[in-house]
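Let's take a friendly walk through a helix contact and some aromatic rings. Have the sequence and the 3D view open as you read.

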Amino acid sequence: MSNKIKNAFDNVHAEEALKQSTGKYLIEKTNNYGKKYFSKAVKIGVSFACVAVITAGFAGYHMYFTPVSAISLDVNPSVELNINRFDRVVSVEAYNDEGEELVNSENLKYMDYSSALEKLMTSDNIEEYIEKGEAVSITVSVDNEKKRDEMISSISSCEYAKQKGVTCSGRNKEYWDEAHNAGLSLGKYKAYLELKELDPSVTPDDISGLTMREIHDRIQSFKGDNDQSQDIVTGNNENTCSVKGNGKCNIK
Amino acid sequence: MRSEQEANRAIELYSDTVRRICMVHLKSYSDTEDIFQNVFLKYVLSSAVFESREHEKAWFIRVTINSCKDLLKNFFRSHTVPIEEINDLVQKYEPEQSSVLEAVLSLPDKYKDIVYLFYYEGYTAVEIAKLMNKNVNTVYTLLSRAKGVLRQKLGGEEFE
């Protein structure tokens, strides 16, 4: 009889359909034995990586194109170089027609500030002004004092800054904003404030069309012949830029 | 989690065993399908390490029996299988085999697993006791009573 039971149960087999449906069920319930989980994880990872790359890209773009300092060059042409944290010129602004002409004649974008400034200072346009004895004002604006000193030192050590009539000075970022609100470049704003102290009736509009030499002459006329601007440091030559520390002209 | 290859191997090796235990306990194909899915999913998700094929087979038998019992514990399910439904389950087999299956399937629940394990799978009473977590003497008693019932149903002379 035990053989009969054995023979009887021997004929009982799992149906193929049952095996197949079980196989499919397992694939479904285990998300294809964890493969879907893996691919999901990979997808999530790739998504995060993409977001990180895009974010880093935007952050990098923002970081690169956000000016943290500015250099204003004022003669009669008034131009301002906006500099990013990597010392590269990211934009150039002209504050008058002569400035516009100068900016259009030189491609200064993405150059390091020393090279850009040298290009401007050695341009025919500016050299002509210097030869005529015009005052050339280079004003650096940046909040970080150490950086400001470094930039002034670097500019001051260049040959173009050692010419007669060239002065350079530094101011903080707040000053930069005030100048823009007044519609003046940094150099002219500095001269405007100096003049305003002596002549309170003067307005930004009064001086915006004047050359730096004309503004300085007005200041001198109020101060008297023997007085000098605090930013004009007299070295071997009169009215040259000061060199602080171990400044080197870092023209690349 | 076990791999798809391991799952397919287990389905090939143990699906007949699972199917037979399901037949002993269940009357509907959909219940059998549920138990199949449940048992093999447990296997795939289980981290149990089996020392041998026998060990693995014993795991499948124990899990299948427990799954069937859990399913039958459902309040809305009848614990007894009407004879007509048993006829439906076994009618596709040869008359002689059909009558044997019918006799086994109509046994009280407490005898069915023991008869199946003893006569078909060839386990000893000690092994059945261990597998089903029962006292060995209880297994002997149940086996003896099941034999008596089967003797009556299938003819005493032939039954040993």
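Does Tyr120(B) count as buried or exposed? At 8% relative accessibility, Tyr120(B) counts as buried, a word that here means under 20% relative accessible area with a 1.4 Å probe and protein chains only.

## About the model

This is a predicted model, in which local features need pLDDT of at least 70 and side-chain atom pairs count only at pLDDT 80 or more, while totals for chains, interfaces and linings use all residues. Residues are numbered from 1 along each chain as its sequence is written, chains are lettered from A and ligands numbered from 1 in written order, and side-chain values use heavy atoms, without hydrogens and water.

## Aromatic pairs

Over all chains there are 19 aromatic pairs, meaning Phe, Tyr or Trp rings (for Trp, the six-membered one) with centres within 6.5 Å; planes under 30 degrees apart are stacked, over 60 edge-to-face and the rest tilted. Phe9(A) and Tyr120(B) form a tilted pair, with ring centres 5.8 Å apart and planes at 55°. This pair crosses between chains, from helix α1 (residues 2–10) of chain A to helix α6 (residues 109–120) of chain B; helices are DSSP runs (H or I, at least four residues) numbered from the N terminus. Phe9(A) is buried too, at a relative accessible area of 0%.

Within chain B, Phe50(B) and Trp59(B) make an edge-to-face pair, their planes at 65°. Phe50(B) is buried at 17%, and Trp59(B) at 11%. Ring pairs join both to a cluster that includes Tyr14(B), Phe36(B) and Phe40(B).

Methods: Helices (H or I, at least four residues) and strands (E, at least two) are DSSP runs, numbered from the N terminus. Buried means under 20% relative accessible area, exposed over 50%, partly exposed in between (1.4 Å probe, protein chains only).
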